[in-house]
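I opened a notebook for this chain and wrote down each thing as I looked it up. The structure comes first, and my entries follow.

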Amino acid sequence: PICGGSNDDLSGMMMGLTMGGGAAPPPPGAGADATDLMGGGGVAGAGAVMGGFHNGPSVNQSPSRVVLKKEMGGGLEILGSFVRGPGAMAPGTSVSMTLTLRNTKDSVIRRVRINPPKTGGVKVTGLTEIAEIGPNASTTMNINVDAGMTTREAKLDVRTASGTHSATLALPLEEIIRPSQMSLDTFTSSAKSLQGFNEGKAKFTLKSGGFDRVPTKVLETVNVMPVTSEATWDDEGDGKWAGSISKGAMSERVLISVSADESSGNGTATVNCDDAMITAALVGVLKKALSS
C-alpha cells in the first residue's frame, strides 16, 4: 500500500520503533536538516510495522533474496530480506535482516541451526536454534549482520538433524546506506557540490504501468529517505531521495534523483555521492531495478 506521512508521524514512529535505547545521534557533518535515522541497535520484532516514511510510501523491507535453495538444503529453503524504516538499523555498517525458513517437504525438519561465519570478519547476532519446522510450514528469524564496507557476501553453515548445508548471505552495497531526512534546499545545494566523477546518470525505460511504482521501487532497492513528496512524483514525474554511508567518523552523502515521462516511460536516474565508486555502483543498481 502507498501512504504518506508527516514529520510528526515520523518523529512518533522513530520513538516507537527504536529498540535497545534512544536513537543514535546524527553522524558528524550531517547538519540539522540531514539527520540519519538510525536505531539503537535492536532488530524489529516480527509483529512490528514500519512505514509512513517522510513524504513517501511505506516500504517495510527489501525484496527477498535466496540464502539457501531448497534443492541444496534438503528441502529447507531460506530467504533473506533487509528491514527498512526508522529504528530498524543499528549504528555503523550493521544491517537488520529477516530470514524466512521454509520447509518444502511433507515431513518435519528438526534441529535447525544457522552457524555464524568463521572467517571474513562478518558478525551475525540474533541466530537462534529452531526445534522443528512442520511440513510445508515456515518460520522467521530476525538478525543483525555487520560485514563492514567491503564484504559483499558471507558463507553460513545451516545444520539440521539430517545434515549440514552451505548457504550464502548476500550483502549488497545499497543495504548499508542509512536514510537521511533532508530539506529540498539542502539536497539541491549538496547535489550541485557533487558533480564530475561524483555524479552518475543512467537512462531507463519503465515497463507498462511502472510509473506509479517508481517511488516504492526506489525505496525497495536502496535504503534511503524521500525528500520530495509522492504528490510531486504523480504531478511532475520527479523524485529525490537522500541517505548516507558511514566510514569511520565520516558520513558520506548519497543523493538520488529520478525523473520519468509517464506517457513514454523514458526516464533518467541520477546519483550524487561523495564516493565516486559508490556513485557508479548505485547507478547500475537503480537502472536495473527501474527497468524491471
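The entries below go from the whole chain to single elements and residues.

**Entry 1, ground rules.** I am working with a predicted model, in which local features need pLDDT of at least 70 and side-chain atom pairs count only at pLDDT 80 or more, while totals for chains, interfaces and linings use all residues. Residues are numbered from 1 along each chain as its sequence is written, and side-chain values use heavy atoms, with hydrogens and water left out.

I looked up the secondary structure and found five helices and 16 strands, where helices (H or I, at least four residues) and strands (E, at least two) are DSSP runs numbered from the N terminus. The chain has 292 residues, and buried ones make up 50% of them; buried means under 20% relative accessible area, exposed over 50%, and partly exposed in between, with a 1.4 Å probe and protein chains only. Of the contacts between residues at least 6 apart in sequence, 65% join residues at least 24 apart, contact meaning heavy atoms within 4.5 Å.

I asked how many residues of helix H3 (residues 214–221) are buried. Eight of the eight are, so the helix is largely enclosed by the rest of the structure. Among these buried residues are Val-214, Lys-217 and Glu-220. Their cover includes strand S13 (225–226), H4, strand S14 (238–247), strand S15 (250–260) and helix H5 (276–291).

Ser-62 lies in the loop between strand S1 (34–36) and strand S2 (65–68), and it counts as buried because its relative accessibility is 4%.

Which residues form the negative surface patch? I noted Asp-212, Asp-234, Asp-235, Glu-236, Asp-261 and Glu-262. Patches are made of residues with over 30% relative accessible area and no salt bridge, with like charges joined within 9 Å and nonpolar side chains (Val, Leu, Ile, Met, Phe, Trp, Tyr) within 5 Å. A salt bridge is a side-chain nitrogen of Lys or Arg within 4 Å of a carboxyl oxygen of Asp or Glu. Asp-234 is found in helix H4 (residues 230–236) and is partly exposed, with a relative accessible area of 41%.

Glu-262 sits in the loop between S15 and S16 and counts as exposed at 52% relative accessibility. Leaving out residues up to four places away in sequence, Glu-262 touches Phe-211 and Asp-212. The C-alpha atoms of Glu-262 and Gly-209 are separated by 8.8 Å, although these residues are 53 apart along the chain.

I placed Thr-268 in strand S16 (residues 266–273), and at 18% relative accessibility Thr-268 counts as buried. Its contacts, apart from neighbours within four places in sequence, include Lys-201, Phe-204 and Val-258.

Arg-111 has a phi near 50°, a positive value in a residue other than glycine. Arg-111 lies in strand S5 (residues 109–115) and is partly exposed, at 49% relative accessible area. Asn-136 has a positive phi near 55°, and its place is in the loop between strand S7 (130–133) and strand S8 (138–146).

Terms used. Areas by Shrake-Rupley, 256 points an atom, 1.4 Å probe, with all protein chains shown as cover. Lys, Arg positive; Asp, Glu negative; His and termini not counted. Charge placed at Lys NZ, Arg CZ, Asp CG, Glu CD.
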